[in-house]
Amino acid sequence: MSLWERLQALARIGAAPDGQGLVRWPFTPAEAEAVAQVRAWMEADGLRTRRDGAGNLFGRREGTDPAAAAVLVGSHLDTVRGGGSYDGALGVLGAMEAVAGLPALRRPVEVVAFTNEEGNRYPALLGSRALTGALLPDELDRRDPDGMPLREAMAAAGLDPAALAGCAAQPGRYAAYLELHIEQGPVLEASGTPAGIVERIAGLRMGTATLLGRADHAGTTPMDRRADALHAAAGALSAAYAAADGLGRPAVLTCGRLTLRPGSPNVVPAAVELTLDMRDAEVGRLDRLAEAAHAAFAAAAEAHGVKLRWEMRPGTPPTPMDPGLCDILEAAARDLGLPCLRMTSGAGHDAMAVARIMPAAMVFVPCRGGRSHTPDEYASPEACANGAALLREAVRRCAS
Ligand code: HGY
Ligand code: MN
Ligand code: MN
């Protein structure tokens, strides 16, 4: 099966019933089906497969020097709710395509499909943070939007939650990490450039803000006698968005999920829980944005007489990619006659977590309109093939 055929086949796993894209959340039957399919393809390609305690899938190809540290190459199989067919999937299937065409090499090569890269169900980069020993003490207690703790979701998926903490890679197991990904932005398409080399990945801070007010009758409670959680949230959000606007690009702030209680049309909202996703390429700016957002929510809570619960995760700082690997990617692109651009990634990736313990770098290919995290996400067969070819040449150089 060609890379393109595999991408289209994988895109049928986890397709949302309403035709609104993919929902391949971690530790769900859809992810299990995707992992089983990719594992079968890995084995058909002659890779030796295993799953670790976090649910990450690995396919290994031995090298001529069994003692040599391996080159790790891959991405993630989970998607956002309403996601596209290429985010993550191209990095896993493209890695398999790249490895399949390699001659015998000194280093072993491992293809990896990380779980839970997207922070839709549980805190982001869970699989790659488990491999790199960057888990937080409360991970297993973290709840998904339906209130299910990670430990229960893992057990329901046939994984042992107690094994999560034991997934950290042995020091020296890996020599380098390479990830192929669609750009999820407009730069490559707009400039007509077939490949991007990521020099830095923007930092991100994510978490939830909960405003706790009081339910009251919508008709009889005067506006100045309310503790209206949504009225407070509305003011807080507009001030937080204004802080991101004031900082200017590449600062971004997104509220992607908002739930309120009790949710009755004629009841003043008692509680609002909302997510915040904040990013910037500079750590100082990202801190300023997070502080401004926190101040906006605290001020709005005060003004409306509601309580604020501010729960921001530590997040991931702006992450530089390895300069040596970037040079190898650039040399490989030149040898392949592929014009390339060096760039910053506004999107987060497993490479941010992996870069903590080994040299890491990323290859981007253009996607239509620069759009992603939408059913409209699309990368052409040529872009996918270019990415896999560049990845193959870079892996060959790193593993020689
Ligand atoms: O949200 C992101 O940047 C990535 O797609 N997980
Ligand atoms: Mn994504
Ligand atoms: Mn991704």
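I began with the pair glutamate 62 and arginine 48, which form a salt bridge with their closest N and O atoms 2.5 Å apart. Glutamate 62 sits in the loop between strand 2 (57–61) and strand 3 (70–76), and arginine 48 belongs to strand 1 (residues 48–51), so this pair ties together parts that are 14 residues apart in sequence. I note that the model is predicted.

I then looked up how accessible the two partners are. Glutamate 62 has a relative accessible area of 39% and is partly exposed. Arginine 48, at 51%, is exposed; I checked the cut-off, and exposed means over 50%.

Next I turned to arginine 205 and aspartate 287. Their side chains meet in a salt bridge, 3.8 Å from N to O. Aspartate 287 counts as partly exposed, with 32% relative accessibility.

I also looked up aspartate 216 and arginine 214, whose side chains meet in a salt bridge at 2.8 Å, N to O. Arginine 214 is partly exposed, its relative accessible area being 40%.

Which residues do salt bridges with shared partners join into one network? I find Arg48, Arg50, Arg60, Glu62, Glu110 and Arg173 in it. The pair I started from, glutamate 62 and arginine 48, therefore has both its members in this network. For the whole structure, my search gives 26 salt bridges. As background, side chains of opposite charge can pair when their charged atoms come close.

I moved on to ligand 1. The residues around ligand 1 are Asp87, Glu117, Glu118, Gln184, Arg279, Ala347, Gly348 and His373. By class, I list one nonpolar, three polar and four charged residues in this shell.

On the oxygen side, I find an oxygen atom of ligand 1 at 2.9 Å from a polar side-chain atom of histidine 373.

Last, I looked up the cover on the ligand. Ligand 1 taken alone exposes 210 Å², and the protein buries 91% of that.

Methods: Residues are numbered from 1 along each chain as its sequence is written. Chains are lettered from A and ligands numbered from 1 in the order in which they are written. This is a predicted model: local features need pLDDT of at least 70, side-chain atom pairs count only at pLDDT 80 or more; totals for chains, interfaces and linings use all residues. Side-chain values use heavy atoms; hydrogens and water are left out. A residue is near a molecule or strand if one of its heavy atoms lies within 4 Å of it. A polar contact is a pair of N or O atoms within 3.5 Å; within protein, one must be able to donate a hydrogen and the other to accept it, and residues adjacent in sequence count only if both atoms are side-chain atoms. Accessible areas come from the Shrake-Rupley method with a 1.4 Å probe; for residues, only the protein chains shown count as cover. Ala, Val, Leu, Ile, Met, Phe, Trp, Tyr, Cys and Pro count as nonpolar, Asp, Glu, Lys and Arg as charged, and the others, Gly among them, as polar. A salt bridge is a side-chain nitrogen of Lys or Arg within 4 Å of a carboxyl oxygen of Asp or Glu. Helices (H or I, at least four residues) and strands (E, at least two) are DSSP runs, numbered from the N terminus. Buried means under 20% relative accessible area, exposed over 50%, partly exposed in between (1.4 Å probe, protein chains only).
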